[in-house]
Amino acid sequence: LYYQNIMTGISIAEGQKIIDTKMAPWVKDLNIQVLETSVNGAVLKMPYGEHLARIGGIISGQSMLAFADSAMVVVISSSIGGFRNMATVDMTTSFMNPARNIDIIGRGKIVKAGKQLVFGEFTLENSSNTKPIANIWTTWMLL
């Protein structure tokens, strides 16, 4: 990775502060929790809430993508050792299984990082059985 010589990671508290202070105000409704951080990624959780679901308790794709997009800021920040302004360039999502009435665990990692572009992968899993829900390939630009 380009950042290999300066990678230090961030703490869970620093990751949570990014979610709590750097996101659009409505992202707070997702109740995202940072569970782990490392120099190559992070693990986060989006607890189930009826406000995130459509009929039948199925969590909406919109809320899952907002979770993934917000969480990737923590993933990238952890890999570069701190928050930096950045913007989503692309997200390609494959939904594999429905998420119904469950918390969702998101695992993000950096696949490749350059001076301006960062490529990552974010997987969404069922919190009770690690069954895959979605896989998201994402590209970011560091500003």
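Predicted model: local features only at pLDDT ≥ 70, side-chain atom pairs only at ≥ 80, totals over all residues.
View 1. The secondary structure of the protein consists of two helices and six strands, and when the elements are followed from the N terminus on, they run in the order α-β-β-α-β-β-β-β. The C-alpha trace spans about 45 × 25 × 25 Å along its principal axes. For 143 residues, a compact globule would have a radius of gyration near 15 Å, and the 14 Å found for the protein agrees with this. Of the 143 residues, 46% count as buried. Among the contacts between residues at least 6 apart in sequence, 63% join residues that are at least 24 apart.

**View 2. The aromatic pair of phenylalanine 67 and phenylalanine 122.** A search of the whole structure finds one aromatic pair. The ring centres of phenylalanine 67 and phenylalanine 122 are 5.7 Å apart and the ring planes stand at 85°, so the pair is edge-to-face; an angle over 60 degrees is what places a pair in that class. Because phenylalanine 67 lies in helix 2 (residues 61-80) and phenylalanine 122 lies in strand 5, the pair ties together parts of the protein that are 55 residues apart in sequence. Both phenylalanine 67 and phenylalanine 122 are buried.

View 3. When residues up to four places away in sequence are not counted, asparagine 126 touches Ile102, Asp103, Lys131 and Ile133.

**View 4. The nonpolar surface patch.** Val89, Val111, Leu117, Phe119, Trp137, Met141 and Leu143 make a nonpolar surface patch of about 610 Å². Strand 5 (117-126) and strand 6 (132-142) each supply at least two residues of this patch.

**View 5. Methionine 141, one of the residues of the patch.** Methionine 141 lies in strand 6 and is among the residues that make the nonpolar patch. Is this residue buried, exposed or partly exposed? Methionine 141 has a relative accessibility of 31%, and therefore counts as partly exposed, a class that falls between the cut-offs of 20% for buried and 50% for exposed.

Definitions and conventions: Residues numbered from 1 in each chain as written. Heavy atoms only, no water. Patch = residues over 30% accessible without salt bridge, like charges linked within 9 Å, V, L, I, M, F, W, Y side chains within 5 Å. Areas by Shrake-Rupley, 256 points an atom, 1.4 Å probe, with all protein chains shown as cover. Salt bridge = Lys/Arg side-chain N within 4 Å of Asp/Glu carboxyl O. Helix = DSSP H or I, 4+ residues; strand = E, 2+ residues; numbered from the N terminus. Buried < 20%, exposed > 50% of the residue type's maximum accessible area, 1.4 Å probe, protein only. Rg over C-alpha atoms; globule rule 2.2 N^0.38 Å. Contact = heavy atoms within 4.5 Å. Phe/Tyr/Trp six-rings, centres within 6.5 Å; stacked < 30°, edge-to-face > 60°.
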